[in-house]
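Student: Before we talk, could you put the sequence and the model up, so that each term can be set against its definition?

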Amino acid sequence: MYPPHLLIPMREDLTSVGFEELTTAEDVVNTMENAQGTTLVVVNSVCGCAAGAARPGVKAALAASPVKPDKMVTVFAGGDLEATAQMREFLLPYPPSSPAIGIFKDGELVHFIERHHIEGRSAQMIAQHLEMALEEFCTPANA
């Protein structure tokens, strides 16, 4: 587990654009079992691909996409161990992956971007991938 003070800027990278942090297993269960509409989930991480591609890609996709998820949540691998373990139960059948990005529709996982889809790709590539997924699974704000 990483020292909490080191994770603050990495957490704020997502919370500053509207993500809610889920820090306990109970937070995850309450959020995911009561999810309606679309929920964007980011499994955050301290690794370089999270800093260089995943978080910037997610933020760019959200800024560019004409459609938005109804809810945006994040857990921090290496920071919130129980919350991350619980979220990974909702992300099955995919193996543990961080960073990772999931889209749920009415509580069902409909799209998942694993670490191996993030590593070695640019933030722009992640943004384009996520923007297409948001457009496929999210309802336009004016619909």
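Tutor: Leaving aside neighbours within four places in sequence, threonine 31 is in contact (heavy atoms within 4.5 Å) with Leu22, Lys71 and Val73. This is a predicted model, in which local features need pLDDT of at least 70 and side-chain atom pairs count only at pLDDT 80 or more, while totals for chains, interfaces and linings use all residues. Residues are numbered from 1 along each chain as its sequence is written, and side-chain values use heavy atoms, with hydrogens and water left out.

Student: Why is threonine 31 called buried?

Tutor: Buried means under 20% relative accessible area, exposed over 50%, and partly exposed in between, with a 1.4 Å probe and protein chains only. Threonine 31 has 12% relative accessibility and therefore counts as buried.

Student: What does the side chain of threonine 31 reach?

Tutor: It reaches the backbone oxygen of aspartate 27 at 2.9 Å. For a polar contact, a pair of N or O atoms must lie within 3.5 Å; within protein, one must be able to donate a hydrogen and the other to accept it, and residues adjacent in sequence count only if both atoms are side-chain atoms.

Student: Which residues of helix 2 are buried, and what puts them on the same side?

Tutor: Helix 2 spans residues 25-33, helices being DSSP runs of H or I with at least four residues and strands runs of E with at least two, numbered from the N terminus. Its buried residues are Val28, Thr31 and Met32. They cover an arc of only 90 degrees around the axis, so they lie on the same side of helix 2; the arc is taken from the directions from the helix axis to the C-beta atoms. The face turned away from that buried side carries the exposed residues Glu26 and Glu33.

Student: How do you know that cysteine 47 is in no disulfide?

Tutor: A disulfide is a pair of cysteine sulfur atoms within 2.5 Å, and by this rule the count comes to zero. For cysteine 47, the nearest cysteine sulfur, that of cysteine 49, is 3.2 Å away.
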